[in-house]
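Here are my notes for you to read alongside the structure. Keep the 3D view open and find each residue as it comes up.

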Amino acid sequence: MSHATTDLWRYRGLVGNFARRELKAKYKGSVLGWAWSLLNPLATLTVYAVIFGFFLRFTPTTAGNGKSNFAISLFTALVVWNFFFAVATGSMSALVGAGPLLRKIYFPPFVPVAGNAAGTLVQTGIEFGLLLVVYLLWGNIGWTIVFVPLLLALLAGFAFGIGLVLALLNARFRDMAYIVQVVLNLLFYSAPIVYPISLVQQRYRTVPWARIYEWNPLTRFIEAFRDALYSLRAPDAGWLLYLGAISLGVLVAGWWYFQRGAADVSEEL
């Protein structure tokens, strides 16, 4: 893993260039430009809040300020999901998009994938900034905000590890992009994003095997962010250790798999 850290540091300038390239291309030619980085999540939030909060009347847990707000609870989970989704899907297009350049000059194939992750992290920072403003205006902010950078770092490692695997698989099998879209649509509902986790926990007595739901990394990430921001309590130490272990494991495995198969990847792009 120290070799991976060294490589990332050595090519940090090139990673930054790919990140800036991704960010500039994202809203190129758009009238509203970067405003879409706020409008898109707000539009999604509005749709889900109306459907699940108004029509289906899902009730969130009580927040740290003693109030309940489905839209804010949902917004917290969506920011986490959007980051994971963007890194996973963007990694595939980033590597394929860098194919023509890779065939002309040499640079490590992981660079465009890392650049995509870095660019996504910048955009997520904007979304988190908006989220914190919402919490401030709602009067629900506390010391537990210090856990956010740690959780975001763990989530970034987890998403980047998966992104490396998907990028290499997509370079070899172009059907992978379509398969991943289907799988991610299913994964969206495998975590308590639009519904409270209590709906699943209520079934543990009658369906004991449903407890494996708790071990879904996405479930644990979303609940940890909600604990720190919405409920104003420290995330459970045991689950934090679990997230640390799973993030490191996925990152190391993803890096190993990518480096093992990336030597001739330029011929397949």
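**Notes on the fold, the core and the charged pairs**

1. Start with the overall build. The protein chain has 11 helices and 0 strands. If you walk along the sequence, the pattern reads α-α-α-α-α-α-α-α-α-α-α. Keep in mind that this is a predicted model.

2. Next, the overall dimensions. The C-alpha trace of the protein chain spans about 60 × 50 × 35 Å along its principal axes. For 269 residues, a compact globule would have a radius of gyration near 18 Å, and the protein chain comes out at 19 Å, so the two agree. The accessible surface of the protein chain is about 13,600 Å², and 66% of that belongs to carbon and sulfur atoms.

3. Now look at how the chain folds back on itself. Take the contacts in the protein chain between residues at least 6 apart in sequence: 81% of these join residues at least 24 apart. Buried residues make up 48% of the 269 residues.

4. On to the inside. In soluble globular proteins, nonpolar side chains tend to be buried together. Here, the largest nonpolar core has 79 residues, and Leu74, Ile193, Phe225 and Phe258 are the ones with the most contacts inside it. Several helices supply at least two residues each to this core, including helix H2 (12-26), helix H4 (70-97), helix H10 (217-229) and helix H11 (237-261). Which helix gives the most to this core? That would be H4, with 15 residues.

5. Zoom in on Leu74 for a moment. Which residues does Leu74 touch, leaving aside those up to four places away in sequence? Its contacts are Leu45, Tyr48, Ala49, Ile193, Val194 and Arg226. Ile193 is also on the list of residues with the most contacts inside the core, and Arg226 will turn up again in point 7.

6. Time for the charges. Side chains of opposite charge can pair when their charged atoms come close. The count here comes to 3 salt bridges. One of them joins Arg220 and Glu214, whose closest N and O atoms are 2.6 Å apart. Is Arg220 buried or exposed? Arg220 counts as buried because its relative accessibility is 8%, which is under the 20% cut-off. Glu214 is buried too, with a relative accessible area of 12%.

7. Another salt bridge sits within a single helix. Glu223 and Arg226 both lie in helix H10, 3 residues apart, or about one turn of the helix. Their side chains meet at 3.4 Å, N to O. Glu223 is buried at a relative accessible area of 12%, and Arg226 counts as buried at 9% relative accessibility.

8. Compare that with the pair Asp227 and Arg233, whose side chains meet in a salt bridge at 3.1 Å, N to O. Asp227 is buried, with a relative accessible area of 12%, whereas Arg233 is partly exposed at 45% relative accessibility.

9. Val47, Val50, Ile51, Phe54 and Phe55 make a nonpolar surface patch of about 470 Å². Val50 lies in helix H3 (residues 36-55). With a relative accessible area of 37%, Val50 is partly exposed.

How values were computed: Residues numbered from 1 in each chain as written. Predicted model: local features only at pLDDT ≥ 70, side-chain atom pairs only at ≥ 80, totals over all residues. Heavy atoms only, no water. Patch = residues over 30% accessible without salt bridge, like charges linked within 9 Å, V, L, I, M, F, W, Y side chains within 5 Å. Areas by Shrake-Rupley, 256 points an atom, 1.4 Å probe, with all protein chains shown as cover. Salt bridge = Lys/Arg side-chain N within 4 Å of Asp/Glu carboxyl O. Helix = DSSP H or I, 4+ residues; strand = E, 2+ residues; numbered from the N terminus. Buried < 20%, exposed > 50% of the residue type's maximum accessible area, 1.4 Å probe, protein only. Core = buried A, V, L, I, M, F, W, Y, C linked by side-chain atoms within 4.5 Å. Contact = heavy atoms within 4.5 Å. Rg over C-alpha atoms; globule rule 2.2 N^0.38 Å.
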